[in-house]
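Here is a short briefing on one protein model. Please look over the sequence and the structure before reading on.

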Amino acid sequence: MLNNPEKLSSFSIGEQPNSVKYVETQQVKDGVECDVYTFEDDNTRDLAIVRVAGGFKTPLQRVLKGDKTIEGFLDGKAALTVVSKDGRSQKYTFESEEDKGKEVDVSVGQTMQWSADETTGLVFYEICEPSYEDGRFEILPE
């Protein structure tokens, strides 16, 4: 899953295709890497395509700033856990082709973490509005 994936030139949001430009691939942590993209005609947001190897998790992160953080499922089997400021936890599961493109908005103050299925792994996207900058997320101890 983490070996040389094809880079995108277009990414659809809803039914609307958008031209994107590949920027770089980042190794987030063991078993997690992401391809960073910019939208060619829209500098108000950016896109990350994140690959998580089977049995691995993304870092536990708190959203510290930004207008909108969208987490969207693309492939594999996984769970996304979102915890509100008041401690309420919501777990979203993604297990089939029908789940492809389902999105979860994560608000400032909430924490989030994706967990990939042991056997299939996970591919998801993240759209940040405005575009990502350091300090948007806080990595928390697990």
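This is a predicted model: local features need pLDDT of at least 70, side-chain atom pairs count only at pLDDT 80 or more; totals for chains, interfaces and linings use all residues.

Residues are numbered from 1 along each chain as its sequence is written, and side-chain values use heavy atoms, with hydrogens and water left out.

**Overall build**

- The protein has twelve strands and zero helices. Both are DSSP runs numbered from the N terminus: strands (E) need at least two residues, helices (H or I) at least four.
- The radius of gyration is 14 Å, which agrees with the value near 14 Å for a compact globule of 142 residues. The radius is taken over C-alpha atoms, and the globule rule is 2.2 Å times the number of residues to the power 0.38.
- Along the principal axes, the C-alpha atoms fill a box of roughly 40 × 35 × 30 Å.

**Burial, contacts and charge**

- Of the 142 residues, 40% are buried. Buried means under 20% relative accessible area, exposed over 50%, and partly exposed in between (1.4 Å probe, protein chains only).
- Among contacts (heavy atoms within 4.5 Å) between residues at least 6 apart in sequence, 67% join residues at least 24 apart.
- There are 16 positive and 28 negative side chains, and the centres of the two sets lie 4 Å apart. Lys and Arg count as positive, Asp and Glu as negative; His and the chain ends are not counted. Each charge is placed at NZ of Lys, CZ of Arg, CG of Asp or CD of Glu.

**Tyr125**

- Tyr125 lies in strand E11 (residues 122-129). Tyr125 is buried, at 4% relative accessible area.
- Its side chain makes a polar contact with the side chain of Glu103 (2.5 Å). A polar contact is a pair of N or O atoms within 3.5 Å; within protein, one must be able to donate a hydrogen and the other to accept it, and residues adjacent in sequence count only if both atoms are side-chain atoms.
- Beyond four places in sequence, the contacts of Tyr125 include Phe11, Leu47, Ile70 and Phe73.

**Thr69**

- Thr69 sits in strand E6 (residues 68-76). Thr69 is buried, at 1% relative accessibility.
- The side chains of Thr69 and Arg136 make a polar contact (3.0 Å).
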